[in-house]
Structure formats: structure tokens, C-alpha cells
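Here are some friendly notes to read alongside the picture. Keep the structure open and look up each residue as it comes up.

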Amino acid sequence: LEYSMGDQPALRQFDPFDAGKMDYPITTYQPLYYVANSFQDAQERMRAYAQSLKRPFGVRYNSITSSLDIDRDITVKDEGIPA
């Protein structure tokens with residue numbers, strides 16, 4: 001917590017397109033934090049990012065059943081964790 005509030009980490013406007021391409025070191029503290037103006041701002045940006053992803057099916061959240069509705073049959077491959 002002390003590190004995150006200090007001067008070392010850089011702060012950048014939250015952009016999921018940029019954040020998804022960012023490489024983070026695993027042996028040191030995170031050098032960059034993305035900051036959103038509000039939760040709503042972050043939510044809108046994440047929705048735009050999710051809509052841009054190419055996938056061979058459509059998916060929507062059904063708030064009545066608290067489940068996901070998928071527009072066609074899909075198969076999930078269980079290939080395990082890579083070694």
C-alpha cells in the first residue's frame with residue numbers, strides 16, 4: 001500500500017485496450033496503475049473493450065436468471081494447465 005501511494009508508480013488514464021497489452025513484471029511492484037474517473041467510467045470503457053473482442057458466439061447476461069445466455073452451442077476444451 002505504501003508503494004502504491006508513493007511517487008514511484010506511474011498513473012495513466014484507464015484504457016482497457018492499452019492495459020491488455022501491458023507486460024507486468026512478476027518480481028517487482030507494479031510500475032503503472034490505471035486510474036478511472038469513476039466506476040461508471042471504468043464500466044463503460046470495459047464494455048466498449050468487451051464489445052470489440054472477436055468471438056464466434058454472442059453472450060449476454062440475463063439479470064432475471066443471473067446467468068449468461070449464449071446464442072449458439074459452444075464446446076469448452078479442458079486442456080489443463082500448461083507445463
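1. **The hairpin.** Let us begin with two neighbouring strands. Strand 3 and strand 4 run antiparallel and are joined by 4 bridges. Together the two strands form a hairpin, with 4 residues between them. Do keep in mind that this is a predicted model.

2. **The turn residue.** Now look at S66, which lies in the loop between strand 3 and strand 4. Is S66 buried or exposed? With a relative accessibility of 52%, S66 counts as exposed, because the cut-off for that word is over 50%.

3. **A nonpolar patch.** Stay in this part of the chain and colour V59, Y61, L68, I70, I74 and V76. These residues make a nonpolar surface patch of about 590 Å². Which elements give two or more residues to the patch? They are strand 3, residues 59–62, and strand 4, residues 67–70.

4. **The overall order.** The elements come in the order β-α-β-α-β-β, which gives the protein 2 helices and 4 strands. The hairpin of strand 3 and strand 4 from the first point is the β-β at the end of that order.

5. **The parallel pair.** The other strands to look at are strand 1 and strand 2. Strand 1 covers residues 10–13 and pairs with strand 2 in the parallel sense, over 4 bridges. To see one of these contacts, find L11 and its bridge partner in strand 2, Y33.

6. Strand 2 runs through residues 32–35. Which residues of strand 2 are on its covered face? They are L32 and Y34, while Y33 and V35 belong to the uncovered face. As background, side chains in a regular strand alternate between the two faces of the sheet.

7. **A buried aspartate.** Next, find D41 in helix 2, which spans residues 39–52. D41 has a relative accessible area of 15% and is therefore buried, the limit being under 20%. Leaving out residues up to four places away in sequence, D41 touches Q13 and A36. D41 also forms a salt bridge with R45, where the closest N and O atoms are 3.0 Å apart. R45 and D41 are about one helical turn apart, because they are 4 residues apart in helix 2. R45 itself is partly exposed, at 29% relative accessibility.

8. **The other salt bridges.** Side chains of opposite charge can pair when their charged atoms come close. How many salt bridges does the model have? The count comes to 3. Besides R45 with D41, there is R12 with D18, whose closest N and O atoms are 2.8 Å apart. R12 is partly exposed at 38% relative accessible area, and D18 is also partly exposed, at 27%. Then there is R72 with D71, with closest N and O atoms 3.3 Å apart. R72 has a relative accessibility of 47% and counts as partly exposed; D71, at 49%, counts as partly exposed too.

9. **The whole chain.** The C-alpha trace spans about 50 × 40 × 25 Å along the principal axes. Of the 83 residues, 11% count as buried, and D41 is one of the buried residues. The accessible surface is about 7600 Å², with 54% of it belonging to carbon and sulfur atoms. Among contacts between residues at least 6 apart in sequence, 28% join residues at least 24 apart.

Terms used:
Residues numbered from 1 in each chain as written. Predicted model: local features only at pLDDT ≥ 70, side-chain atom pairs only at ≥ 80, totals over all residues. Heavy atoms only, no water. Patch = residues over 30% accessible without salt bridge, like charges linked within 9 Å, V, L, I, M, F, W, Y side chains within 5 Å. Areas by Shrake-Rupley, 256 points an atom, 1.4 Å probe, with all protein chains shown as cover. Salt bridge = Lys/Arg side-chain N within 4 Å of Asp/Glu carboxyl O. Pairing = 2+ DSSP bridges. Buried < 20%, exposed > 50% of the residue type's maximum accessible area, 1.4 Å probe, protein only. Contact = heavy atoms within 4.5 Å.
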